[in-house]
Amino acid sequence: MRGLKLCSVALTALVSLTACEGSDPGEARDPAAPADSVPEEVASVLDLPGTPYSYAGVTLPAHFNTPLVRDMDNTPSDNPLTDEGATLGRVLFYDAALSANRTVACASCHIQEQAFSDNLKLSEGFDGGLTGRNTMPMIDSRYYRNGRFFWDERADTLEEQVLMPIQNEVEMGLTLDELVERVSAAPYAPYLFEQAFGDEQVTSDRISKALAQFVRAIVSYRSRFDDGVPKGLATVVPPGITHHSEAADAVRKAFGEAGIGPRDVSLVELQDNTVYYELAFPEEWGFCQPGESESLLERGETTPTGTLPINPSGGFLCFGEATTAMGVFQVCELAWQLRGQAGGRQVPGAKVGLAQTLGLGANATAVVLER
Ligand code: HEC
């Protein structure tokens, strides 16, 4: 049997990819000892902590707080992430009662150890039928700007998507009425719905909201990449020849030809097809001290009215693709900025602008424009 029994769900296991506990070890609770607040009928089927884990209050690294990434967050205003909502969503996610014959849960196909996917070409539904497509992983679903889901993007929102596998004839095979009936009968329902939504009422809308919150809480922010990017780039990027020496060289040569230095520059349009560049380049080009760009970003100094405006155009997100044409767009933006014609993006008093692109095969460009 491939279904997961609810009582065997290890809800206390730390989901290493999931924002599920505060980073301060002092906040760690002993999950084996549920506080009195969890009623007996719930504690007898679920190993829940007395105070829910922190899903909403997790501090993400600085590179998640760049405008580029923040702009991709598809959390709707009527379903903000809460600790109680994500807890309910997590319980529902592992509950096989959400399928017609109680054998399949969301977690049967979306397996945490396998990036919330499985290693199969097609997955088996509740009655042995196969899904029409490959199961998708569920990491960083929150950061997808158009907010659409499934391979063909047929779900307009995550809230809409999470109810679809439940009603799918192969996957879980329930109607929404049956779903509400099943969930209402679960011993945990009155307590967890009250915690999440203020009263015990079970509706398909609430089920969808809670599941969507849990899915949005699954964010990968502790990979080795994440560790390396923001913290003190000086210790990661060795002095001298850097990974981006060709970009730094181009910028240095452009400065040389123009007879200026980093301090003279009013704004920078730089290659930002990874957020790493937004943090690394200003340091590598001498615009700030090694390790300083993170705090500049946090203080808002990289916005058009800050001390080091970076990509007032909106950068890669607005250009759409890091093609050669990106350099042309960048130079356009510099021209508008220096003429004071950049509207709401205007950098006050812009005099000198730097544009930089990075291509394949050490092919980097830098352009300095002066008013
Ligand atoms: C029988 C296996 C199976 C079950 C059970 C299942 N899924 Fe899926 N899931 C899939 C498959 C297959 C896809 C891709 C389907 C498609 O694109 O047509 C998918 C796609 C998704 C996606 C889209 C991801 C993206 O990036 O677009 C999300 C989110 C998701 N499932 C969540 C859930 C939730 C929540 C549940 C439980 C209510 C669930 N799934 C139950 C197999 C399953």
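## Packing of helix 3 against helix 9

The axes of helix 3 (residues 83-93) and helix 9 (residues 204-217) approach within 7 Å and cross at roughly 95°. Axes here are lines fitted to C-alpha atoms, for helices over the stretch in contact, and angles run from 0 to 180 degrees between N-to-C directions. Helix 3 and helix 9 are therefore roughly perpendicular to each other, a term that covers angles of 65 to 115 degrees. The model is a predicted one, in which local features need pLDDT of at least 70 and side-chain atom pairs count only at pLDDT 80 or more, while totals for chains, interfaces and linings use all residues. Residue numbers start from 1 along each chain as its sequence is written.

On the side of helix 3, the contact is made by Gly85, Ala86, Leu88, Gly89, Arg90, Leu92 and Phe93; helix 9 contributes Ile207, Lys209, Ala210, Leu211, Gln213, Phe214 and Ala217. Two residues are in contact if their C-beta atoms, placed from the backbone, lie within 7 Å. By class, this contact has nine nonpolar, three polar and two charged residues (Ala, Val, Leu, Ile, Met, Phe, Trp, Tyr, Cys and Pro count as nonpolar, Asp, Glu, Lys and Arg as charged, and the others, Gly among them, as polar).

## Overall composition

The secondary structure of the protein chain comprises 16 helices and three strands; helices (H or I, at least four residues) and strands (E, at least two) are DSSP runs, numbered from the N terminus. Of the 371 residues in the protein chain, 37% are buried. A residue is buried if 20 or more other C-beta atoms lie within 10 Å of its own, exposed if 12 or fewer, and partly exposed in between, with C-beta atoms placed from the backbone. Among contacts between residues at least 6 apart in sequence, 67% join residues at least 24 apart.

## Surroundings of the ligand

The ligand is surrounded by 25 residues, of which the closest are Cys106, Cys109, Phe150, Trp151 and Pro165; a residue qualifies if its C-beta atom, placed from the backbone, lies within 6 Å of the molecule. This shell has 15 nonpolar, eight polar and two charged residues.

Helix 4 (106-109), helix 6 (164-167) and helix 9 each supply at least two residues of the shell. Helix 4 gives the most, with three residues.

## Buried helices

In helix 8 (residues 189-197), the buried residues are Ala189, Leu192, Phe193, Gln195 and Ala196. They cover an arc of only 160° around the axis, which puts them on the same side of helix 8; the arc is that of the directions from the helix axis to the C-beta atoms. Their cover includes helix 3, helix 7 (176-185) and helix 9. Gly198, with a positive phi near 95°, follows helix 8.

Helix 13 (residues 275-284) is mostly covered, with nine of its ten residues buried. Among them are Tyr277, Leu279 and Phe281, together with Glu278, Glu283 and Glu284. Gly286, which follows helix 13, has a positive phi near 80°.

## Loop residues

Tyr53 lies in the loop between helix 1 (40-43) and helix 2 (67-70). Tyr53 counts as buried because it has 25 C-beta neighbours inside 10 Å. Its C-alpha atom is separated by 6.4 Å from that of Asp83, 30 residues apart along the chain.

Arg102, in the loop between helix 3 and helix 4, has a positive phi of about 60° although it is not a glycine. With 15 C-beta neighbours inside 10 Å, Arg102 counts as partly exposed. Asp140, in the loop between helix 4 and helix 5 (158-161), also has a positive phi of about 60° without being a glycine. Asp140 counts as partly exposed, with 16 C-beta neighbours inside 10 Å.

Methods
Parallel < 35°, antiparallel > 145°, perpendicular 65-115°, else oblique.
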